[in-house]
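I wrote them in the order in which I looked things up.

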Amino acid sequence: MTDTVRVRRIGAGDWDTVVSLERDAYTGLGLSEGRAVLQSRAAASPDTSFVLDVGARTAGYLLALPYPFRRYPDLERAEETATAFGPGNLHLHDIVVAPDLRRRGLARHLLRHLTGTARARRDERISLVAVGGTGPFWTAHGFVPHPGVVPDGAYGTDAVYMSRPVPAAPSLLPSLREVS
């Protein structure tokens, strides 16, 4: 892929694409939320909601919100105007990449951006609800399951709440061995 990849905050002109990506990814699982609910999630935490551009194309998005550990958004309810939960746990609610651009590392690119954002916010953990059999993907990215947190049917069948610590920032300074 030679196109420039860029992550940026969601803008007003991005919603048709975000809604389309979300609908295509989640309708078959019975989990599509619709424009108003998606927009409420981004409005509740605009600094943690992003789109992914590949060249001139918006090819993915990520919605994350501060939520207490072991809690998650209700799929049938919009978020309040501003999230009342402070730093501590950043909940990755949605991450979607256009089907024709999957398996190219773009989801990892979004996840790295979210991890840096969580670190800057001083969050200790990132959590999510793995749906549609995506648990192995998330396990490969350091997330561990917490069985029994998500009731059966709340996020489809076989949904599992998962989390991982926010890793420390990689050091930019050489170690003592490198300079001696």
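The entries below go from the sheet to the helices and then to single residues.

**Entry 1, ground rules.** I am working from a predicted model, in which local features need pLDDT of at least 70, side-chain atom pairs count only at pLDDT 80 or more, and totals for chains, interfaces and linings use all residues. I number residues from 1 along each chain as its sequence is written, and side-chain values use heavy atoms, with hydrogens and water left out.

**Entry 2, the sheet.** I looked up the strand order and found an open sheet of seven strands, β1-β2-β3-β4-β5-β7-β6, with mixed pairing. The edges are held by β1 (5-9) and β6 (144-146), each of which has a single partner strand, so one side of each is left without a neighbour in the sheet. From one strand to the next the twist averages 30°. For my own reference, strands (E, at least two residues) and helices (H or I, at least four residues) are DSSP runs, numbered from the N terminus, and two strands pair if DSSP finds at least two bridges between them. As background, strands of a sheet pair through backbone hydrogen bonds, either parallel or antiparallel.

I then followed the bridges strand by strand. Between β1 and β2 there are five bridges in the antiparallel sense, and Arg 8 has Val 51 of β2 as its bridge partner. β2 and β3 also run antiparallel, joined by six bridges, with Leu 52 partnered by Gly 60 in β3. These two strands form a hairpin with two residues between them, and Gly 55 in the turn has a positive phi of about 65°. Strand β3 (residues 57-66) pairs in turn with strand β4 (residues 89-97), again antiparallel, over seven bridges, and here Leu 62 stands opposite Ile 95 in β4.

Is β2 mostly covered or mostly open? I found it mostly covered, since six of its six residues are buried (under 20% relative accessible area; exposed is over 50% and partly exposed is in between, with a 1.4 Å probe and protein chains only). Both faces are covered, with Ser 49, Val 51 and Asp 53 on one side and Phe 50, Leu 52 and Val 54 on the other.

Helix α1 (residues 15-26) lies across β2 (49-54), β3 and β4, and runs at about 80° to β3. Helix α2 (residues 35-44) lies across β2, β3 and β4 as well, running at about 65° to β3. For these angles, axes are lines fitted to C-alpha atoms, for helices over the stretch in contact, and the angle runs from 0 to 180 degrees between N-to-C directions.

How do the axes of α1 and α2 cross? They come within 10 Å and cross at roughly 115°, and the helices are therefore roughly perpendicular to each other (65 to 115 degrees). On the α1 side, the contact (heavy atoms within 4.5 Å) is made by Trp 15, Asp 16, Val 19 and Glu 22, and on the α2 side by Arg 35, Leu 38, Gln 39 and Ala 42.

I also noted which residues of α2 are buried, namely Val 37, Leu 38, Ser 40, Arg 41, Ala 42 and Ala 44. What covers them includes α1, β2, β3 and β4.

Most residues other than glycine have a negative phi. Arg 103, in the loop between β4 and α3, has a positive phi of about 65° although it is not a glycine, and at 86% relative accessibility it counts as exposed. Asp 158, in the loop between β6 and β7, has a positive phi of about 60° and is exposed too, with a relative accessible area of 71%.

Pro 165 sits in strand β7 (residues 160-165) and is partly exposed at 49%. Leaving out residues up to four places away in sequence, Pro 165 touches Glu 124 and Arg 125. Gly 116, in helix α3 (residues 106-121), is partly exposed at 29%. Ala 154 belongs to the loop between β6 and β7 and is partly exposed at 32% relative accessibility; Ala 154 and Leu 31 are 123 residues apart in sequence and 9.3 Å apart in space, C-alpha to C-alpha.

Terms used. Parallel < 35°, antiparallel > 145°, perpendicular 65-115°, else oblique.
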